[in-house]
Amino acid sequence: VGFLIDFEEEKTPVQINRLRNVMQIGFTFLLDINKMIIWQNFIKLLNEHFWEIEEIDNFYFDMLMDIIHNFDRNPKRVLVENYVKLLEFEGRLHNDFECFLCEKLIENRVNLARGYLTACEECIPKKGFEIDKIKTLFNEKKTLLFDEKEIESLYNILMLGI
């Protein structure tokens, strides 16, 4: 459900240890239902992303802590920026600006598919983003150039799956 908890581990004779003295560490955004829903949807996607993975790199914990500390600012912007960082960390950020469908170089406007794969407007027929804005997002991991409607579009693409 996306709560940060502190606990003590109690050893048991069986393989699974028991959690004792569990305490939830609260954050102000947990009191805002809209932000809480955004947070839980992201955690659900992250949980699916980690399915059947036994050991997780510290990068992901640090990323979640960064998200938590900035979430009150603008949750969707924070998630989009950190999602680009995640894609770069995993080696899945395609900043060559070549359409993944027709393999043509994109020059003016770019569309994004799931995983922020770049595509031209001919292959994905919807209104795309200005290429300079996406280049800034991919290079600097900042959403300053985007208006709220564009952030909503980027967030909806993120919600398709990590």
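Q: In this predicted model, which residues gather in a patch of negative charge on the surface?
A: The patch brings together Glu54, Glu55, Asp57 and Asp62 on the surface, and its charge is negative. One of these residues, Glu54, lies in the loop that runs between α1 (33-49) and α2 (58-70).

Q: Is Glu54 buried or exposed?
A: The general idea is that a residue is called exposed when its relative accessible area is over 50%. Glu54 has a relative accessibility of 83%, and therefore it counts as exposed.

Q: How many bridges join β3 and β5, and which residue in β5 is the bridge partner of Val110?
A: Strand β3, which covers residues 109-113, pairs with β5 in the antiparallel sense over two bridges. The partner of Val110 in β5 is Phe129.

Q: Where is Asn139 found, and is Asn139 buried or exposed?
A: Asn139 belongs to helix α4, made of residues 131-140. By the same cut-off of over 50%, Asn139 is exposed, because its relative accessible area is 52%.

Q: How far apart are Asn139 and Asn95 in sequence and in space?
A: Along the sequence Asn139 and Asn95 are separated by 44 residues, while in space the distance from C-alpha to C-alpha is 8.2 Å.

Definitions and conventions. Residues numbered from 1 in each chain as written. Predicted model: local features only at pLDDT ≥ 70, side-chain atom pairs only at ≥ 80, totals over all residues. Heavy atoms only, no water. Pairing = 2+ DSSP bridges. Helix = DSSP H or I, 4+ residues; strand = E, 2+ residues; numbered from the N terminus. Patch = residues over 30% accessible without salt bridge, like charges linked within 9 Å, V, L, I, M, F, W, Y side chains within 5 Å. Areas by Shrake-Rupley, 256 points an atom, 1.4 Å probe, with all protein chains shown as cover. Salt bridge = Lys/Arg side-chain N within 4 Å of Asp/Glu carboxyl O. Lys, Arg positive; Asp, Glu negative; His and termini not counted. Charge placed at Lys NZ, Arg CZ, Asp CG, Glu CD. Buried < 20%, exposed > 50% of the residue type's maximum accessible area, 1.4 Å probe, protein only.
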